[in-house]
Amino acid sequence: MIRGGKTRLRALEHDDLSHFVRWVNEPQVRRFLAIRYPLSMTEEESWWQNFFASKNNYIYAIEAQDGTYIGNIGLHDVETENRRAMLGIVIGDQAYWGEGYGSDAIRAMLRWAFDYLNLHRIHLSVYAYNKRAIRCYEKCGFRHEGIMREARYLAGQYHDEWLMGILRREFLVEQKESA
């Protein structure tokens, strides 16, 4: 288990799959994710089988301190040679949005990635309209690195996708300043 101040990151369990399917089938959740279409339990079961075959993805359940399962966080496409990975997070339980659970889980994941996996760089992409997530990433020390212009089509409009990243040394400075 990986501990944050408000969250705990634990191994995913098969029982978690139905929660995730319910979350991503909510349009308000899905609009912030790369998942475009509603997801069936059969599709999620297939993902579950493939997840264990992959050696370069680490995905954890996010729990509030009271044990409530509220989302997932992961490091994807981990490259040991380049010591980098892509961060992905979803707080699927909307009752926990805007309460600091995402930033707490991200900081816990970054600490683990830099201290235990010896990674050097973590990057992510975020849609420009996801202002809450952008503020969260900035609060955690991520820096803007680029823009993929009009990369997402949603509800009749094109939207930019922002690229953000953080280096180990930047995270260590951010941690020292927030202590």
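Predicted model: local features only at pLDDT ≥ 70, side-chain atom pairs only at ≥ 80, totals over all residues.

Student: What about the radius of gyration?

Tutor: A compact globule with 179 residues would have a radius of gyration near 16 Å, and the protein agrees with this because its own value is 16 Å. The C-alpha trace spans about 40 × 40 × 35 Å along the principal axes.

Student: Switching to secondary structure: how many helices and strands are there?

Tutor: There are 6 helices and 8 strands. Read from the N terminus, they follow the order β-β-α-α-α-β-β-β-α-β-α-β-β-α.

Student: In what order do the strands sit in the sheet?

Tutor: The 8 strands form an open sheet with mixed pairing, in the order β1-β2-β3-β4-β5-β6-β8-β7. The edges are held by β1 (2-3) and β7 (143-154); each has a single partner strand, so one side of each lacks a neighbour in the sheet.

Student: Which sense of pairing do β3 and β4 have, parallel or antiparallel?

Tutor: Strand β3 (residues 58-64) pairs with strand β4 (residues 69-79) in the antiparallel sense over 6 bridges. Tyrosine 60 has isoleucine 73 in β4 as its bridge partner.

Student: And β5 with β6, parallel or antiparallel?

Tutor: That pairing is parallel, over 3 bridges. Methionine 86 has histidine 123 in β6 as its bridge partner. As for cover, 5 of the 7 residues of β6 are buried.

Student: Where does helix α1 lie?

Tutor: Helix α1 (residues 17-24) lies across β4 and β5 (84-91), and runs at about 95° to β4. Helix α4 (residues 101-115) also packs on the sheet, at about 35° to the direction of β4. The strands touched by α4 are β1, β2 (7-11), β3, β4, β5, β6 (121-127) and β8 (157-167).

Student: Next, the aromatics. How many aromatic pairs are there?

Tutor: The count comes to 10 aromatic pairs. One of them joins tyrosine 96 and tyrosine 101: the ring centres are 5.1 Å apart and the planes stand at 80°, so the pair is edge-to-face. Both of these tyrosines are buried.

Student: What is the geometry of phenylalanine 114 and phenylalanine 171?

Tutor: Their ring centres lie 5.5 Å apart with the planes at 45°, so that pair is tilted. Phenylalanine 114 belongs to helix α4 and phenylalanine 171 to helix α6 (residues 168-178), so the pair ties together parts that are 57 residues apart in sequence. Both phenylalanines are buried.

Student: Which residues do ring pairs link into a cluster?

Tutor: The cluster consists of Phe32, Trp97, Tyr127 and Tyr129.

Student: One last topic, the backbone. What is phi at glutamate 150?

Tutor: Phi is positive there, about 50°, although glutamate 150 is not a glycine. This residue lies in strand β7, and because its relative accessibility is 53%, glutamate 150 counts as exposed.

Student: And where is alanine 155 found?

Tutor: Alanine 155 is in the loop between β7 and β8. Its phi is also positive, near 55°. With 75% relative accessibility, alanine 155 counts as exposed.

Technical notes:
Residues numbered from 1 in each chain as written. Heavy atoms only, no water. Pairing = 2+ DSSP bridges. Helix = DSSP H or I, 4+ residues; strand = E, 2+ residues; numbered from the N terminus. Contact = heavy atoms within 4.5 Å. Axes fitted to C-alpha atoms, helices over the stretch in contact; angles between N-to-C directions. Rg over C-alpha atoms; globule rule 2.2 N^0.38 Å. Phe/Tyr/Trp six-rings, centres within 6.5 Å; stacked < 30°, edge-to-face > 60°. Buried < 20%, exposed > 50% of the residue type's maximum accessible area, 1.4 Å probe, protein only.
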